[in-house]
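Hello,

Please take a look at the structure below. My notes follow it.

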Amino acid sequence: MISSETINDYLARLASREPTPGGGAAAALHAAQGAALVAMVARYTTGEKYAQHAGQVARITETADQLRNEALGLADEDERAFQGVIDAYKLPSTTEDLKAAKTAAIQQALVNAAQTPARLIGLAGAVVELATELFDIANPNVISDVAAATDAARAAATTARVNIDINVVAIKDPAIRSELAGQTDGIEDKVVLAADSLAKRVRERILA
């Protein structure tokens with residue numbers, strides 16, 4: 001499991017000539033790092049100086065920790081889902097019945113593989129929303145990490161989008177393709193716009 005292996009072991013597997021882990025898992029780890037950075041900034045935004053925001057900061061911290069754990073879970077889910085696609089393509093097809101079963105299995109595996117990045121886009125959006133909420137009250141000494149969190153979440157969303165696309169184009173049923181596209185169409189654009197806006201605000205504050 002990605003969530004329990006060392007960074008070095010994960011990167012070695014990512015760099016290997018193996019299909020998993022791949023871009024989907026990397027996207028999930030982008031989101032996990034974004035959430036972790038939000039939590040770190042929040043934990044530095046505590047004490048007497050920030051007492052009036054204590055409740056809000058505590059909620060942001062707790063939510064960011066939850067999002068980090070969810071993102072790690074999605075990294076593992078993505079690896080399992082794509083392995084399912086690989087396994088489906090390896091099924092025998094020596095008879096017409098087996099061919100039909102293999103085709104059905106591949107199509108279902110592709111649908112399953114598109115679900116994880118779809119959920120990840122929403123999670124990335126939640127990380128950006130938290131970072132945006134934290135921005136106005138964050139400890140200025142770590143304000144750059146708000147932008148770092150946002151950029152990580154942005155990368156998660158855009159990477160997840162292309163992983164959805166690569167699975168959806170191989171799905172033959174137009175109704176299913178339309179349904180999957182409808183789950184995420186436009187969402188990553190909103191995440192990107194929000195992330196870019198916040199990163200710009202952070203840089204303006206730093207350079208003011």
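The largest pocket holds about 240 Å³ of space. A pocket here is an open set of points on a 1 Å grid over the protein atoms alone, where a 1.4 Å probe fits, with protein on both sides within 12 Å along at least five of seven lines. Grid points are joined across faces, edges and corners, and the volume is the space filled by probe spheres set on them.

This is a predicted model: local features need pLDDT of at least 70, side-chain atom pairs count only at pLDDT 80 or more, and totals for chains, interfaces and linings use all residues. Residues are numbered from 1 along each chain as its sequence is written, and side-chain values use heavy atoms, without hydrogens and water.

The pocket lining (residues with an atom within 4 Å of a point) includes I2, Y10, L29 and H30. Helix 1 and helix 2 each give at least two lining residues. Helix 2 gives the largest share, four residues.

P21 sits in the loop between helix 1 (7–15) and helix 2 (23–44). The peptide bond from T20 to P21 is cis, with omega near -5 degrees. Most peptide bonds are trans.

Overall, the protein chain has seven helices and zero strands. Helices are DSSP runs of H or I, at least four residues; strands are runs of E, at least two. The C-alpha trace spans about 75 × 35 × 30 Å along its principal axes. Of the 208 residues, 42% are buried (under 20% relative accessible area, 1.4 Å probe, protein chains only).

Best wishes

Terms used: Buried means under 20% relative accessible area, exposed over 50%, partly exposed in between (1.4 Å probe, protein chains only).
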